[in-house]
Amino acid sequence: WNLMMSTPLGDNEVELILNEDGSGMMSAGPLGEAPLDGAMFEGNTIAFSIDLDVQGQAFTLDFTGTVDGDSLEGEFGSDFGAFDASGSRQ
């Protein structure tokens, strides 16, 4: 998936790879990249948490989103608030 995440510091491009077994990878430009495990799929809803290392600080993002065909919309929750995200399947 190619997503755009809106943050207070501007928009970040996110590449998200989700596998049927709940594993995958997320790359978010200046936020870095990290593997993910334990993604949950229920109907057209996707949820997962990912731990990132941002300039030496641990940072957790909790994603909840909805798939509609080749579109994905949702938000990343964090200690700094929620960041809207939307995009399309690669």
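A word on terms: strands here are DSSP runs of E with at least two residues, numbered from the N terminus, and two strands count as paired if DSSP finds at least two bridges between them.

Before I go on, this is a predicted model, where local features need pLDDT of at least 70 and side-chain atom pairs count only at pLDDT 80 or more, while totals for chains, interfaces and linings use all residues. Residues are numbered from 1 along each chain as its sequence is written, and side-chain values use heavy atoms, with hydrogens and water left out.

So what does the whole sheet look like? It is open, with nine strands in the order β4-β3-β2-β1-β9-β8-β7-β6-β5, and the pairing is antiparallel. At the edges sit β4 and β5 (40-42), each pairing on one side only. On average, neighbouring strands are turned by 25° against each other, direction ignored; the axes behind that are lines fitted to C-alpha atoms, and such angles run from 0 to 180 degrees between N-to-C directions.

Now over to β3, residues 24-27. Which residues are on its covered face? Gly24 and Met26 are, whereas Met25 and Ser27 make up the uncovered one. As a reminder, side chains in a regular strand alternate between the two faces of the sheet.

β3 has partners on both sides. Four bridges join it, antiparallel, to β2, residues 10-18, and there Leu16 stands opposite Met26. The hairpin of β2 and β3 has five residues between the strands, and Gly22 takes a positive phi near 90°. Four bridges also join β3 to β4, residues 33-36, again antiparallel, with Met25 opposite Pro35. That hairpin too has five residues between its strands, and Gly29 in the turn has a positive phi of about 50°.

Next, salt bridges, meaning a side-chain nitrogen of Lys or Arg within 4 Å of a carboxyl oxygen of Asp or Glu. How many are there? By this rule the count is one. The side chains of Arg89 and Asp70 make it, at 2.9 Å from N to O. Because Arg89 lies in the segment after β9 and Asp70 in the loop between β7 (57-68) and β8, the pair ties together parts 19 residues apart in sequence.

Last topic, pockets. A pocket is an open set of points on a 1 Å grid over the protein atoms alone, where a 1.4 Å probe fits, with protein on both sides within 12 Å along at least five of seven lines; lining residues have an atom within 4 Å of a point. Volume is the space filled by probe spheres set on the points.

The largest pocket has a volume of about 480 Å³. Of its 17 lining residues, Leu9, Leu31, Val54, Phe59 and Phe80 lie nearest the centre. The elements giving two or more residues to that lining are β2 and β7, and β7 has the largest share, with four.

The second largest pocket holds about 150 Å³ of space. Who lines it? Trp1, Leu16, Leu18, Asn19, Glu20, Phe41, Ile46 and Arg89 do.

Notes: Buried means under 20% relative accessible area, exposed over 50%, partly exposed in between (1.4 Å probe, protein chains only).
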